[in-house]
Amino acid sequence: MPQHVQGVIAPGRNEPVRVETIVIPDPGPGEAVVKIQACGVCHTDLHYKQGAINDEFPFLLGHEAAGIVESVGEGVTDVAPGDFVVLNWRAVCGTCRACLRGRPWYCFDTHNAKQRMTLLDGTELSPALGIGAFAEKTLVASGQCTKVDPAVAPEVAGLLGCGVMAGIGAAINTGNVGRGDTVAVIGCGGVGDAAIAGSRLAGASKIIAVDIDDRKLETAKTMGATHTVNSRATDPVEAIRELTGGFGADVVIEAVGRPETYQQAFYARDLAGTVVLVGVPTPEMKLELPLLDVFGRGGALKSSWYGDCLPSRDFPMLVDLHQQGRIDLAAFVTETIGLGDVEKAFARMHEGDVLRSVVVL
């Protein structure tokens, strides 16, 4: 029987979010219902609320989540009721050209639940990133559920579902940061700090954090930054070059998603270095670079979508590293809140007061 639960919806562009009763259908073939235990408040949810992703309102927000599988539909064998899982928004298909070439992290045909969750009046909801986890329960494709060690706290595990994985993956998977590399990270929010933590985990010798907020730069130091640059007061390109012997960094990770910061990243890298864009731009943004500079500087310009992660590989590994004390995922949790506090959490995010607010149910 369909279930009625509480969830947070964005009813229209830039309208305040509100808690509504959500109807969750029984899982169909290949689907699972998950009882949500914790869900991080991610900037992407704010993009949905602002209409910057698309206009398919109303949205059921939330996607950075962990919980317990409650029920599964026909044909589901990879997870079972009672499993503790982290939700992911890129359930790989296994049959597209990327998957068949052994590169499932580039899957071109990721999938979500086919049924729609609704309001009581039958209005269909658009779940954020195919998840919709600011709710007591949600319906997803079973492939969006990744089992991890249930000993880890849900508010910590859930962060791997988006921001922390995006940042760590941008450094390790996309940027291929290695031992002794120099790294600069532009933008020290949750994703940028995760990129810093990932760079430290990979053995980078010098990690330069760049931001316009001294509070964020202080936090970046606790995540592994060896040097900080306030780009409001100092030219970040010159500062990064000065800190790298005049050459520029081997890997520069842009975690803002703006043309001006991307240009800084481009010119702050060493010859044959790598730029990784993990910050999410908005549709109207344009980038202009001299093509001769693109040619002459060599190296690689990469975009990192979800940290080029493979959830079945990366989520359990990062949980294990956290439990071993090698990466402090709990440090990303600034506060825990309830479903009714999401609008306030968006305001705190905008003011730069938090790395992550996490809804706990």
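Q: A disulfide is a pair of cysteine sulfur atoms within 2.5 Å. In this predicted model, how far is the sulfur of Cys 145 from the closest cysteine sulfur?
A: The model is predicted, and Cys 145 is buried in it, with a relative accessible area of 7%. The closest cysteine sulfur belongs to Cys 39 and is too far for a bond. With a cut-off of 2.5 Å, the pair is excluded because the separation is 13 Å.

Q: Which cysteine holds the sulfur closest to that of Cys 99?
A: Cys 99 has 13% relative accessibility and therefore counts as buried. Its sulfur has a closest cysteine sulfur at 3.7 Å, which is too far for a bond. The residue that holds this neighbouring sulfur is Cys 96.

Q: How many disulfides does the structure hold?
A: A disulfide requires two cysteine sulfur atoms within 2.5 Å. For the structure, the number of disulfides is zero.

Q: How many residues apart in sequence are the parts tied together by the salt bridge of Glu 64 with Arg 356?
A: The closest N and O atoms of Glu 64 and Arg 356 are 2.7 Å apart, and both residues are buried. Glu 64 belongs to strand 5 (residues 64–72), whereas Arg 356 is in the loop between helix 11 (342–351) and strand 18 (357–360). The pair therefore ties together parts whose separation in sequence, in residues, is 292.

Q: Which residue is linked with Arg 215 and Asp 353 in a network of salt bridges?
A: Arg 215 and Asp 353 meet in a salt bridge of 2.9 Å, N to O. Arg 215 lies in helix 6 (residues 214–223) and Asp 353 in the loop between helix 11 and strand 18, so the pair ties together parts 138 residues apart in sequence. Arg 215 is partly exposed at 45% relative accessibility, as is Asp 353 at 32%. The network of salt bridges that links these two also includes Asp 213.

Q: Which residue in strand 16 stands opposite Val 276?
A: Six strands form an open parallel sheet in the order 13-12-11-14-15-16. Strand 15 (residues 269–277) pairs with strand 16 over four bridges. In strand 16, the residue opposite Val 276 is Lys 302.

Q: Which helices are included in what covers the buried residues of helix 8?
A: The buried residues of helix 8 (residues 259–268) are Thr 261, Tyr 262, Ala 265, Phe 266 and Ala 268. Their cover includes strand 11 (182–186), strand 14 (249–254), strand 15 and strand 16. It also includes helix 7 (236–243) and helix 9 (291–297).

Definitions and conventions. Residues are numbered from 1 along each chain as its sequence is written. This is a predicted model: local features need pLDDT of at least 70, side-chain atom pairs count only at pLDDT 80 or more; totals for chains, interfaces and linings use all residues. Side-chain values use heavy atoms; hydrogens and water are left out. Two strands pair if DSSP finds at least two bridges between them. Helices (H or I, at least four residues) and strands (E, at least two) are DSSP runs, numbered from the N terminus. Buried means under 20% relative accessible area, exposed over 50%, partly exposed in between (1.4 Å probe, protein chains only). A salt bridge is a side-chain nitrogen of Lys or Arg within 4 Å of a carboxyl oxygen of Asp or Glu. Contact means heavy atoms within 4.5 Å.
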